[in-house]
Amino acid sequence: MAQESPKNSAAEIPVTSNGEVEDLHEHGFSRDLKCSLPAGLGLSETQITSHGFDSTKEGVIEAGPFQGSPAPPMSSVISPSSAAASRLAEQGRDLIVPTGDQRTQQKSGPVILADETKNPAMEKLELVRKWSLNTYKCTRQIISEKLGRGSRTVDLELEAQIDILRENKKKYENILKLAQTLSSQLFQMIHTQRQLGDAFADLSLKSLELHEEFGYNADTQKLLAKNGETLLGAINFFIASVNTLVSKTIEDTLMTVKQYESVRIEYDAYRTDLEELNLGPRDANTLPKIEQSQHLFQAHKEKYDKIRNDVSIKLKFLEENKVKVLHNQLVLFHNAITAYFAGNQKQLEQTLKQFHIKLKTPGVDAPSWLEEQ
């Protein structure tokens, strides 16, 4: 056998028994070796030798026989050029190979982060937190006022007007209750007078010797019942007007007063909180709290001033409306009662016409549509 030259010692090509080159197995083995060596797989009897770029062989990887393979031992030589090595080195600095199945990204590119969407649950939680804090402050203020340890803001003129309004409401409700009792009693009396007049009229027809006497009494009772119905209409009109004044007009103003008192408590609660912070030390931790408390106090102060102005305006208009309504209703009540007990039927009817009061005839149903036509 001839001695092999050094140039042919770098690669050995196995030959089968038929003298044919075993291409499939060799190509598969070469691909496996090339893929496994850069990944760091440990092969037994593997040596890596590096030389300078000025030598003819820039990099030589000598591999021994692969364990477990039926192929004979072989060696491979990989000789990359200097241009390819520099190009790969430049690409390596600009590329980042992430772990997993992430794609290759550039290292020096701009990074854009999407804005986080607002979470509705967090917004609701923040609202609950603010409501709880406000409720705590207001409750503490109410307790301190009742115990006499807290200060409260008082508008003397406005508070006096509110007290007078509440006292007047109680008095008007008492008048309303008495007027309703009078109306109920007058209705029973009218009903009795009407029945008594019918009884006198029946006896006038059946008793010939007392025909005139029973007839006079029957006419008198019927006239009294008729005048009583006119007076009852005036009293019911008086009751309806006073009831509207008390249960709607005054009550609406008192609802605004309740809102004013609630806003006043909030205003005093945040005012007290700000005063307590101002009395404490001023440092880097407390200054942001003081600024925030000052901002909240200013907001509640503007709200308090606005509701106080609204209450003052409503009280002024209520007083004017109350004087006008009660003046007319008291004149009606007086003239109707006077005319009824004086027996002046004409004046009584004139009083009802003056206030545009229409009486509903008892025992008479509403006219049919044929009668209206």
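The model is predicted, so local features need pLDDT of at least 70 and side-chain atom pairs count only at pLDDT 80 or more, while totals for chains, interfaces and linings use all residues. Residues are numbered from 1 along each chain as its sequence is written, and side-chain values use heavy atoms, with hydrogens and water left out.

**Overall fold**

- The protein has eight helices and four strands, taken as DSSP runs (helices: H or I, at least four residues; strands: E, at least two) and numbered from the N terminus.
- Reading from the N terminus, the elements go α-β-β-α-β-β-α-α-α-α-α-α.
- Of the 373 residues, 25% are buried (under 20% relative accessible area with a 1.4 Å probe, protein chains only; exposed is over 50%, partly exposed in between).
- Take the contacts (heavy atoms within 4.5 Å) between residues at least 6 apart in sequence: 68% of them join residues at least 24 apart.

**The core**

- The largest nonpolar core holds 40 residues; such a core is a set of buried Ala, Val, Leu, Ile, Met, Phe, Trp, Tyr and Cys residues joined through side-chain atoms within 4.5 Å.
- At least two residues of this core come from each of α4 (156-206), α5 (211-279), α6 (286-342) and α7 (345-354), and α5 gives the most, with 17 residues.
- Ile162, Leu186, Ile250, Tyr260 and Val311 have the most contacts inside the core.
- Leaving aside residues up to four places away in sequence, Val311 touches Leu158, Ile162, Thr256, Val257 and Tyr260.

**Helix pairs**

- Two packed helices are described by the angle between their axes and the distance between the axes; here axes are lines fitted to C-alpha atoms, for helices over the stretch in contact, and angles run from 0 to 180 degrees between N-to-C directions.
- α4 and α5 cross at roughly 160°, with axes that come within 7 Å, which makes α4 roughly antiparallel to α5 (over 145 degrees; under 35 is roughly parallel, 65 to 115 roughly perpendicular and the rest oblique).
- By class, the α4 contact with α5 has 31 nonpolar, 13 polar and 10 charged residues (Ala, Val, Leu, Ile, Met, Phe, Trp, Tyr, Cys and Pro are nonpolar, Asp, Glu, Lys and Arg charged, and the others, Gly among them, polar).
- Helix α3 (residues 120-146) packs against α5 at about 90°, their axes 9 Å apart, so α3 is roughly perpendicular to α5.
- On the α3 side, the contact includes Asn134, Lys137 and Arg140, and on the α5 side Arg264, Glu266 and Asp268 are among the partners.
- The α3 contact with α5 splits into five nonpolar, three polar and eight charged residues.
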